[in-house]
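Subject: Handing over the structure, with notes

Dear colleague,

I am passing this structure on to you, and below it you will find notes on what turned up when I went through it. Please read them with the model open beside you.

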Amino acid sequence: MTMRRIVSIWFPRFPMERWTKLRQRQRNALPPEGPLALIADGPKGPVIHDLNEAAREAGIRRGARAVDMRALCPALHFEQADPAGDKVALEKLALWARRWCPWSIAEGRSGLLLDTTGSDHLWGGEAAMLADMEARFKMLGYGCRLAIAPTIGAAHAFSYYGESHTLCTDPAADLAPLPVASLRLEPDTILLLHRLGLRRIGDLMAVPRLHLTRRFSRSELAANPLLRLDQALGRTDEPLDAPEEALPFHAQKSLAEPIVDPMNHLPDLFRQLCALLQEAGHGARRVRLTVYRTDGEIGRIEAATAAPTRDPAHMASLFRERVEHLDPGFGFDVIALEALAAHTMNTVQTDLTAPSDDSLDLPRLIDRLTNRFGDATIYCPLPYESHVPERARRNAPPLAKKPKDEMSEPFAAQRPLRLLDPAEEVRVLYAVPEGPPAQFVWRRRPHRIARHQGPERIAPEWWRDRAGTRLRDYYRVEDTTGRRFWLYREGLHGDGRGGEPRWFLHGLFA
């Protein structure tokens, strides 16, 4: 069984480095060289959120009150921190880090966790993979410390408190020299352990387990050194819950040099993805293209299909016109394809001589139209159980199956092919007060009625409509030019539900 491998990446100066990058990108002048600190709101006023090297040498401490540190160092320059922006940037960086593995999450305020189990051979081994990570984050302007271990707790301990680029295989032996603070414990618990003389993880492991259980059995996880030790040693499972789970059908390609147009590399990636789908007996219904930029940004495009498919040429055609909308920045160096939705797809042979399947022509046409005009423009209208005309239809996917209890043909034939949404109010001249209309004006054009049929009375749906909704009397009318319309009168004289009845044009007959 393959040993689990977790990479922990810590950015010791992430807020300050991100602030510097933003100032440079916005072409704003940086403060004069000297002590600089980012401040954030605290319970008793502004506190130090992060600081530069000069401030650190001047004795400025992170988390201290800004007024106290200004008294200690009068030359200290303050800038406003952006903790919310730092959190969003770290989460984006976690997605960008999926160039190395399928699972990655942000940890705390300045760290990343990656599950690289089985991925290191793609980068020439674990040492080469960590070196590549460090080099790429340095290009983005972030200094980092990295470590890899079989557990999240051990990897975190080495990246934050051990030596960078540590390759741990035996946490029980390698963790012993590290301080107990590396177990992700809260400050009060660390202080208590120090008072008990337990400063190293080795000291903690030497204490009989029963004594620790008696003392910390009711403590929460962050205050329980026994549970944290079990997590670090692998005795207790600690899953890495990625916000977006890795998908089973995934193809990825790393490029030696950045490019601005990924289209030439897509056919090979689509063949790899379709091979995975073919092996599993599935077809893709939604595919996502992800491009990783060298500046830490990612771009994504999705395309859906009307029916499951594993045809590489057809998939590539769905992205051909949309790839140009991706912003290349300084270039893409990793391209990935994922099947977001996949359904079972059986291989069907329709003819002994013809290699192609004509039944795929319609789905592919729908895919091309949807890709060109959008998902909301291509749909299949299906009947719905309602006697109110505008509610008697639902828009379904283009290839949706029709229900067995369809609207009866005689009733459907009386309805127009085209309904106006919403119905448009018209001005009507009456023949008799409660009779059919004689003439109406629609869109500033008068229409004199030559013949009519009706009325067809449609009552409100009392279980859905609000109180006071008026009934409708529908008329099928034809004007003197031969055009046929579907009009209705809303309400009756003296029905007690409003003023005078109103007339609306609701549909057009072919």
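In these notes a residue is called buried when its relative accessible area is under 20%, exposed when that area is over 50%, and partly exposed in between, using a 1.4 Å probe and protein chains only. Helices (H or I, at least four residues) and strands (E, at least two) are DSSP runs, numbered from the N terminus. The model is a predicted one, in which local features need pLDDT of at least 70 and side-chain atom pairs count only at pLDDT 80 or more, while totals for chains, interfaces and linings use all residues. Residues are numbered from 1 along each chain as its sequence is written, and side-chain values use heavy atoms, with hydrogens and water left out.

**Strand S20 and its partners**

Strand S20, residues 502–508, is mostly covered, since 6 of its 7 residues are buried. Two strands are said to pair if DSSP finds at least two bridges between them. Strand S15 (residues 418–430) runs antiparallel to S20 and is joined to it by 5 bridges, with Glu-424 standing opposite Leu-505. Strand S19 (residues 484–490) is likewise antiparallel to S20, here through 6 bridges, and Arg-489 stands opposite Trp-503.

**Aromatic pairs**

Rings of Phe, Tyr and Trp (for Trp, the six-membered ring) pair if their centres lie within 6.5 Å, and planes under 30 degrees apart count as stacked, over 60 as edge-to-face and the rest as tilted. Searching the whole structure gives 16 aromatic pairs. One of these pairs is Phe-440 with Phe-485, whose ring centres are 5.4 Å apart and whose planes stand at 85°, so the pair is edge-to-face. Because Phe-440 lies in strand S16 (residues 437–442) and Phe-485 in strand S19, the pair ties together parts that are 45 residues apart in sequence. Phe-440 is buried, with a relative accessible area of 0%, and Phe-485 is buried too, at 1%. Elsewhere, ring pairs link Phe-11, Phe-14, Trp-96, Trp-100, Phe-137 and Tyr-142 into a cluster.

**The five-stranded sheet and Asp-115**

An open sheet of 5 strands has the order S5-S6-S1-S7-S8, with mixed pairing. Its edge strands are S5 (103–107) and S8 (166–167), each of which pairs on one side only. Strand S1 (residues 6–10) pairs with S6 in the antiparallel sense over 5 bridges, and Ile-6 stands opposite Asp-115 there.

Asp-115 belongs to strand S6, residues 111–115, and is buried, with a relative accessible area of 13%. Its side chain makes a polar contact of 2.7 Å with that of Thr-117; a polar contact is a pair of N or O atoms within 3.5 Å, where within protein one must be able to donate a hydrogen and the other to accept it, and residues adjacent in sequence count only if both atoms are side-chain atoms. Leaving aside neighbours within four places in sequence, Asp-115 is in contact (heavy atoms within 4.5 Å) with residues including Arg-4, Arg-5, Trp-103 and Leu-240.

The expected span of a helix is 1.5 Å times one less than its number of residues. For helix H5 (residues 126–139), the 14 residues should span 20 Å, which agrees with the 20 Å between its end C-alpha atoms. Its buried residues are Glu-126, Met-129, Leu-130, Met-133 and Phe-137. They cover an arc (that of the directions from the helix axis to the C-beta atoms) of only 100°, which puts them on the same side of H5. On the other side, Lys-138 and Met-139 are exposed. Among the elements covering the buried residues of H5 are S1, S6 and helix H4 (83–96).

Helix H12 (residues 266–280) has 15 residues that should span 21 Å, and its end C-alpha atoms are 21 Å apart, which agrees. Leu-266, Leu-269, Phe-270, Leu-273, Cys-274 and Leu-277 are its buried residues. Seen down the axis of H12, these fall within an arc of 130°, so they line one face of the helix. Their cover includes strand S9 (250–259), strand S10 (282–293) and strand S12 (332–344). S9 and S12 pair antiparallel over 6 bridges, while 11 bridges join S10 to S12, also antiparallel.

Best regards
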